[in-house]
Amino acid sequence: MQPLEGVDGVFTEMRRLYTASRVPGTRIYGERLVESKGTEYREWNPARSKLAAYLANGGREVPIRSDSRVLYLGASSGTTPSHVSDIVTDGMVYCIEFAPRMFRELVNNCGPRTNMMPLLADATKPTDYRFALEHADIVYEDVAQKGQADILADNMDAFGAEYGMVAVKARSEDVAESPKVVFKKAEERLRERGLKILDSRSLEPFEDSHQMIVVRR
């Protein structure tokens, strides 16, 4: 098991991705568990996680560190947030989810992970969860609705985050427009909001019509 060059807390073996499990013996989504030199690792499946897909496609602009405070928008049941939880050993992952059914699963998956906080809230209304945190180092967004660039920028502004990552889903923005055009417009909007594009990368073949955009103030 070797550290993935350029990315904190992520490991690789035989081209597979792993994180060191914060809760050994526990699976979130049926992932493969591997032990190496006394440490248990969880396989990070790029077909089940947009962040893993970004890494599998060569993306290395992942500004998540061991002590990061991550605001995760669109946490769903907690698949990708659980791997982020493995990475931020001394940090915190604030998990925003709007759908009640997915939130119930998220709460269960957060249970043994003391650095994950589930919050039932709307990502378009950051003031609704300001009670839970004052500052975030990075905002990560996976929200399938219109205005994804502004949702990221609004949350970065609200919590003073230096970095942001957004998995833009073209079909959620405009089903009739070419995905390339949608992604270009998202980049332009992020620049209009005063953000610098660090990377913009397709998530295919793992996710159709998706682009990961990484930004910094």
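**Notebook: a buried ring pair and the fold around it**

I began with Y129. Its relative accessibility is 0%, under the 20% cut-off, so I put Y129 down as buried. I am working from a predicted model.

Next I looked for ring partners. I counted three aromatic pairs in all. One of them joins Y129 and F159. Their ring centres lie 5.8 Å apart. The planes meet at 10°, which is under 30 degrees, so I call this pair stacked.

Where do Y129 and F159 sit in the chain? I found Y129 in the loop between β8 (116-120) and β9 (138-141). F159 belongs to helix α4, residues 148-159.

Is F159 buried or exposed? I read 1% relative accessibility for F159, so it counts as buried too.

Then I stepped back to the whole protein chain. I listed six helices and 12 strands. I noted a box of roughly 50 × 40 × 30 Å for the C-alpha atoms, along the principal axes.

I checked burial overall. Of the 217 residues, 53% count as buried. The chain exposes about 10100 Å², with 46% of it from carbon and sulfur atoms.

I looked at contacts between residues at least 6 apart in sequence. Of these, 57% join residues at least 24 apart.

Last, I looked at charges. There are 30 positive and 33 negative ones, and their mean positions are 2 Å apart.

Note on methods: Residues numbered from 1 in each chain as written. Predicted model: local features only at pLDDT ≥ 70, side-chain atom pairs only at ≥ 80, totals over all residues. Heavy atoms only, no water. Helix = DSSP H or I, 4+ residues; strand = E, 2+ residues; numbered from the N terminus. Buried < 20%, exposed > 50% of the residue type's maximum accessible area, 1.4 Å probe, protein only. Contact = heavy atoms within 4.5 Å. Areas by Shrake-Rupley, 256 points an atom, 1.4 Å probe, with all protein chains shown as cover. Lys, Arg positive; Asp, Glu negative; His and termini not counted. Charge placed at Lys NZ, Arg CZ, Asp CG, Glu CD. Phe/Tyr/Trp six-rings, centres within 6.5 Å; stacked < 30°, edge-to-face > 60°.
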